[in-house]
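Please keep the sequence and the model at hand while reading.

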Amino acid sequence: MERTLSIIKPDGVSKNIVGEVISRFEKNGLRIAALKKIVLSKEEAGVFYMVHKERPFYDSLTTFMCEGPVVVLVIEGASAISKVREIMGATNPANAAPGTIRKDFADSVERNIVHGSDSLESASLEIPYFFSRLEIL
């Protein structure tokens, strides 16, 4: 059983597609182990995306992530990390496969509806950033 973190970003929340995104994960055999709706501060978004600090999009990404509420999820299942990433689609929605979340709903490479951990190492750092052990069921 593998766990991963996903975030439904402010654009996904404002488009009112939280249920649709969760449904796509669940319909693919994944289970929601934890979920909450929060608003990130610029500092919190900055710490979370620290891995991108030197990238040119870091400031706009962290600003975007503070525009409104996000829904953070711990998702579990067999090969959860790769499965979630497949369901999300390519980071750039123009390159995403038909039927993926990003192809169906995203507006751009930055406003791309969802985040998902890209590795076991990332998941092991990202999950505890948002959830205590007691919140994951």
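A residue counts as buried when its relative accessible area is under 20%, as exposed when that value is over 50%, and as partly exposed in between. The model is predicted, and it holds eight salt bridges.

**Salt bridges between distant parts of the chain**

- Glu76 and Arg31 meet through their side chains in a salt bridge of 2.6 Å, N to O, which links strand β3 with strand β2 across 45 residues.
- Glu76 has a relative accessibility of 8% and is therefore buried, whereas Arg31, at 40%, is partly exposed.
- Arg3 joins Arg31 and Glu76 in a network of salt bridges.
- Glu135 and Lys36 form a salt bridge in which the closest N and O atoms are 3.1 Å apart; because Glu135 lies in the segment after α7 and Lys36 in strand β2, the pair ties together parts that are 99 residues apart in sequence.
- Both partners are partly exposed, Glu135 at 34% relative accessibility and Lys36 at 23%.

**Nonpolar cores**

- The largest nonpolar core has 21 residues, of which Leu5, Ile7, Met65, Val74, Phe130, Phe131 and Ile136 touch the most other members.
- At least two residues of this core come from each of β1 (2-8), β2 (31-38), α3 (42-48), α4 (58-64), β3 (70-77) and α7 (120-130).
- Leaving aside residues up to four places away in sequence, Ile7 touches Phe48, Met65, Val70, Val71, Val72, Ile113, Val114, His115 and Phe130.
- A second, separate core of 19 residues includes Val13, Val21, Ile22 and Ile32.

Definitions and conventions: Residues numbered from 1 in each chain as written. Predicted model: local features only at pLDDT ≥ 70, side-chain atom pairs only at ≥ 80, totals over all residues. Heavy atoms only, no water. Core = buried A, V, L, I, M, F, W, Y, C linked by side-chain atoms within 4.5 Å. Buried < 20%, exposed > 50% of the residue type's maximum accessible area, 1.4 Å probe, protein only. Helix = DSSP H or I, 4+ residues; strand = E, 2+ residues; numbered from the N terminus. Contact = heavy atoms within 4.5 Å. Salt bridge = Lys/Arg side-chain N within 4 Å of Asp/Glu carboxyl O.
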